[in-house]
Amino acid sequence: VIGKNEVAVPTHLYKIILVQKGKAPSELLALGAFVVPNSPIGFDHQLSEYQIDLQDLEKMSGVTFFPALDKTKQCHDLCETDTCKLLNFAEFTQYITGRKMKNARTLQGLEKIMGELRESGIEPDEYLQNLYLKKKQEVEWKEAAESRAAKAG
């Protein structure tokens, strides 16, 4: 408990992740249930350290998750299907930068995204360098085509 009103704060939190590969119900489903401490855990741990069996979590919480889903037959273990690797700050920043780059619509916006990454002290990895060059070429072509169309119109 914390504060003068003695608010109860949980010692642990849970997260359940259900992933479906495609839209068809028969496509691969992966499931992972996790219980993590309600405190910073740092970057030296892996999510798989906190994985527990969903049935155990259901017993602890008194909640049945995804009652219509046959979890024993339809689902694969999420941490076996994927790595369940927690990203460190640099990896996470590069991941988010890549997502931003894919959505950039102007050369100015693309340059801003790359500048923000470098300002954070993180050098882009090979994947981001290649994505940047590809997206830059795509945006330059699009902007040139729009400019030609505006002059012609």
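Helices α4 and α5 run roughly antiparallel to each other. This is a predicted model, and in it the angle between the two is about 175 degrees. Angles over 145 degrees count as roughly antiparallel. The axes of α4 (residues 89–103) and α5 (residues 107–119) lie 10 Å apart.

Look next at the residues that meet. From α4 come Thr93, Gln94, Thr97, Lys100 and Met101. From α5 come Leu110, Ile113, Met114, Glu116 and Leu117.

Now turn to helix α1, residues 54–61. Its buried residues are Leu54, Leu57 and Glu58. They span an arc of only 100 degrees around the axis, so they sit on the same side of α1. The face turned away from that buried side carries Lys59 and Met60, which are exposed. What covers the buried residues of α1? The cover includes strands β1, β2 (29–37) and β3 (51–52), together with helix α2.

Strand β1 also takes part in an aromatic pair. A search of the whole structure finds one such pair. Tyr14 and Phe65 form it, edge-to-face, at 5.5 Å centre to centre and with 65 degrees between the planes. The pair links distant parts of the chain. Tyr14 belongs to β1 (residues 12–20), while Phe65 lies in the loop between α1 and α2 (71–74). The two are 51 residues apart.

Are the two partners buried or exposed? Tyr14 has a relative accessible area of 44%, so it is partly exposed. Phe65 has 13%, so it is buried.

Key
Residues are numbered from 1 along each chain as its sequence is written. This is a predicted model: local features need pLDDT of at least 70, side-chain atom pairs count only at pLDDT 80 or more; totals for chains, interfaces and linings use all residues. Side-chain values use heavy atoms; hydrogens and water are left out. Axes are lines fitted to C-alpha atoms, for helices over the stretch in contact, and angles run from 0 to 180 degrees between N-to-C directions. Helices (H or I, at least four residues) and strands (E, at least two) are DSSP runs, numbered from the N terminus. Angles under 35 degrees count as roughly parallel, over 145 as roughly antiparallel, 65 to 115 as roughly perpendicular and the rest as oblique. Contact means heavy atoms within 4.5 Å. Rings of Phe, Tyr and Trp (its six-membered ring) pair if their centres lie within 6.5 Å; planes under 30 degrees apart count as stacked, over 60 as edge-to-face and the rest as tilted. Buried means under 20% relative accessible area, exposed over 50%, partly exposed in between (1.4 Å probe, protein chains only). The arc is that of the directions from the helix axis to the C-beta atoms.
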